[in-house]
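Here is a short briefing on one structure.

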Amino acid sequence: MGKFQVIDHPLIQHKVSIIRDKNCGTKVFREVVDEIAMLMAYEISRDMPVEDVVIETPITKTTQKMLAGKKVAIIPILRAGLGMVDGILQLIPAAKVGHVGLYRDEETLEPHEYFVKLPEDIDSRQLLVVDPMLATGGSAIMAIDSLKKRGASNIKFVCLVAAPEGVKVLQEAHPDVDIYTAALDDHLNDHGYIVPGLGDAGDRLFGTK
């Protein structure tokens, strides 16, 4: 089973509380989502491999550590996932960005894929699939399915708020995928919304209804 981690650093807890507030406007919501994503990226990148390099300081030659090997790609699930990309890029600026577009059938609530555009070498990259909400888990599972179908194998899923139901189904569908969230909420309501949650992340990021 992949790792499941709630990254509950005090700064992250504080910022998640800011965006939960229904009176938080679009501008602040967008900025704080970016900040949370950047803080999460710091923790998620903790196990990145390093290698020895020889450096000449003003004093002497020395062997020190720098990042090695695995390159990163950030894959937002459209459209709400876009809100987390810039924050991660601030910390990992060399990462490539791919996109997976899914829409939810209003009747069945099932996700459908409508757009996939990925870096050519995703099979050799560490992929961070990002979406602010892990609710029913349907979109996350479908996005990861479509990445695996195209050769990806090293995948982490990163969200801001997760429901226990979504975590469970994602772990069952993709036991090899590590899941990181800033908050584990209580449950899903009858409409598939996370409780207490923060509403529709896409609408709140982009000012739509």
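Helices (H or I, at least four residues) and strands (E, at least two) are DSSP runs, numbered from the N terminus. This is a predicted model: local features need pLDDT of at least 70, side-chain atom pairs count only at pLDDT 80 or more, and totals for chains, interfaces and linings use all residues. Residues are numbered from 1 along each chain as its sequence is written, and side-chain values use heavy atoms, with hydrogens and water left out.

**Largest pocket**

- Strand S4 (71-78), S6, S7, strand S9 (133-134), helix H4 (138-149) and H6 each give at least two residues to the lining of the largest pocket.
- A pocket is an open set of points on a 1 Å grid over the protein atoms alone, where a 1.4 Å probe fits, with protein on both sides within 12 Å along at least five of seven lines; lining residues have an atom within 4 Å of a point.
- The volume of the largest pocket is about 770 Å³; a volume is the space filled by probe spheres set on the points, which are joined across faces, edges and corners.
- Its lining has 28 residues, and the closest to the pocket centre are Ala-80, Arg-104, Asp-131, Ser-139 and Asp-200.

**Helix H1**

- Buried means under 20% relative accessible area, exposed over 50%, and partly exposed in between (1.4 Å probe, protein chains only).
- In helix H1 (residues 10-20), Ile-12, Lys-15, Val-16 and Ile-19 are buried.
- These buried residues line one face of H1, because they fall within an arc of 105 degrees seen down its axis; the arc is that of the directions from the helix axis to the C-beta atoms.
- Exposed Pro-10 and His-14 sit on the face of H1 turned away from its buried side.
- The buried residues of H1 pack against helix H2 (26-44), strand S10 (155-162), strand S11 (178-184) and helix H6 (201-206); contact means heavy atoms within 4.5 Å.

**Aromatic pair**

- Rings of Phe, Tyr and Trp (its six-membered ring) pair if their centres lie within 6.5 Å; planes under 30 degrees apart count as stacked, over 60 as edge-to-face and the rest as tilted.
- The count comes to 1 aromatic pair.
- Tyr-103 and Tyr-114 form this tilted pair, at 6.3 Å centre to centre and 40 degrees between the planes.
- Tyr-103 lies in strand S6 (residues 99-104) and Tyr-114 in strand S7 (residues 111-117), so the pair ties together parts 11 residues apart in sequence.
- Tyr-103 is partly exposed at 45% relative accessibility, and Tyr-114 is partly exposed at 48%.

**Cysteines**

- The structure holds 0 disulfides; a disulfide is a pair of cysteine sulfur atoms within 2.5 Å.
- The sulfur of Cys-159 is 18 Å from the closest cysteine sulfur, in Cys-24, too far for a bond.
- Cys-24 is buried at 12% relative accessible area, and Cys-159 is buried at 0%.
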